[in-house]
Structure formats: C-alpha cells, structure tokens
Amino acid sequence: LSFADQGVYDVVNNLGSMVARFLFRPLEENFYVFFTKLLRRDLPLEKQEKSTVDLVARTLHSLLTFSVLVGLTAVVFGYSYSHLALDIYGGKTLSSEPGPTLLRSYAVYVLA
C-alpha cells in the first residue's frame, strides 16, 4: 500500500470507530455496572430473586434491541452517505476510491 492509501485507511478507520467509541462503549460500561449490582456471580440464577432476574432479562433484551437498531441505522446511513461524509470531511482525496468502499465496509463491520 502506498502512503496515501494508508492515510485514507487511517482516516476511515478513525471515522468508522466513532460510533463504537461514543455510543457503544459507554453503554457497555454503564450496563456492566448495572448488571453487576443486581446479579451475583457466585449464585446460580435459580437461587437469586426472580424479580431481579426478570428485570435484568428485560433490560438486556431492551439493550440488545437498541444496539441492533443503532447498528442497522449506522449501516443504512453509513453505506448510503459514506461518499458524502468523506467528501465533506476530507475533500476529493478521501472521497475518491478506496475511501467510500472502506467506510461502507466499516459500517457493516460495526453491526457485526
């Protein structure tokens, strides 16, 4: 790879990881604290309070649903507007190939 291609890859990698850094990471950290306060690891689920386990299960379901919806939104808009975003951010240097293709691929990668 040339230095120009490496620079484009670096910018696309940083732009693409912003969703994970600014949205998913704080969610993960906060809900880790939430789950560890409610559930005990040294006890099986059958021996813990049913209301607490039900609350944790509902919360986890809602959290996963929200994460999938945010990921799908990132894929749809990231795939559709990757050329425009790179053109606004870095001009023709970034919006020419392979920049948009890399950002589209990264948008799909964030969902996985």
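These are my notebook entries on a predicted model of one protein chain.

**Entry 1: overall layout**

I started with the secondary structure and found five helices and zero strands in the protein chain. Along the sequence the pattern reads α-α-α-α-α. I then checked how spread out the chain is: its radius of gyration is 19 Å, well over the 13 Å from the globule rule for 112 residues, so the chain is more spread out than a compact globule. The C-alpha trace spans about 60 × 25 × 20 Å along the principal axes.

**Entry 2: α2 against α3**

Next I looked at how α2, residues 18–38, sits against α3. Their axes come within 11 Å and cross at roughly 175°. Angles over 145 degrees count as roughly antiparallel, and α2 and α3 are therefore roughly antiparallel to each other. From α2, the residues in contact include Phe24, Phe31, Phe34 and Phe35. On the α3 side I noted Leu55, Val56, Leu60, Leu63 and Phe66, among others.

**Entry 3: α3 against α5**

I repeated the check for α3 (50–90) and α5 (99–111). Here the axes come within 8 Å and again cross at roughly 175°. That makes α3 roughly antiparallel to α5. The contact has eleven nonpolar, five polar and one charged residues. Among the α3 residues that meet α5 are Gly71, Ala74, Gly78, Ser82 and His83. The α5 residues include Gly99, Pro100, Leu103, Arg104 and Ala107. I also see Gly71 in the list for α2 with α3.

Which peptide bond is cis? I found one joining Glu97 and Pro98, with omega about 10°. Pro98 lies in the loop between α4 (92–95) and α5.

**Entry 4: the largest pocket**

I finished with the largest pocket, which has a volume of about 280 Å³. Of its 14 lining residues, Leu15, Val19, Ala74, Gly78 and Leu103 are the closest to the centre. Ala74, Gly78 and Leu103 were already in my notes from the contact of α3 with α5. Which helix supplies the largest share of the lining? I got α3, with seven residues. The helices that each supply at least two lining residues are α1 (3–16), α3 and α5.

Definitions and conventions. Residues numbered from 1 in each chain as written. Predicted model: local features only at pLDDT ≥ 70, side-chain atom pairs only at ≥ 80, totals over all residues. Heavy atoms only, no water. 1 Å grid on protein atoms, 1.4 Å probe; cavity = no way out; pocket = protein on both sides within 12 Å on 5 of 7 lines; lining within 4 Å. Points joined across faces, edges and corners; volume = space filled by probe spheres on them. Helix = DSSP H or I, 4+ residues; strand = E, 2+ residues; numbered from the N terminus. Axes fitted to C-alpha atoms, helices over the stretch in contact; angles between N-to-C directions. Parallel < 35°, antiparallel > 145°, perpendicular 65-115°, else oblique. Contact = heavy atoms within 4.5 Å. Nonpolar A, V, L, I, M, F, W, Y, C, P; charged D, E, K, R; others polar. Rg over C-alpha atoms; globule rule 2.2 N^0.38 Å.
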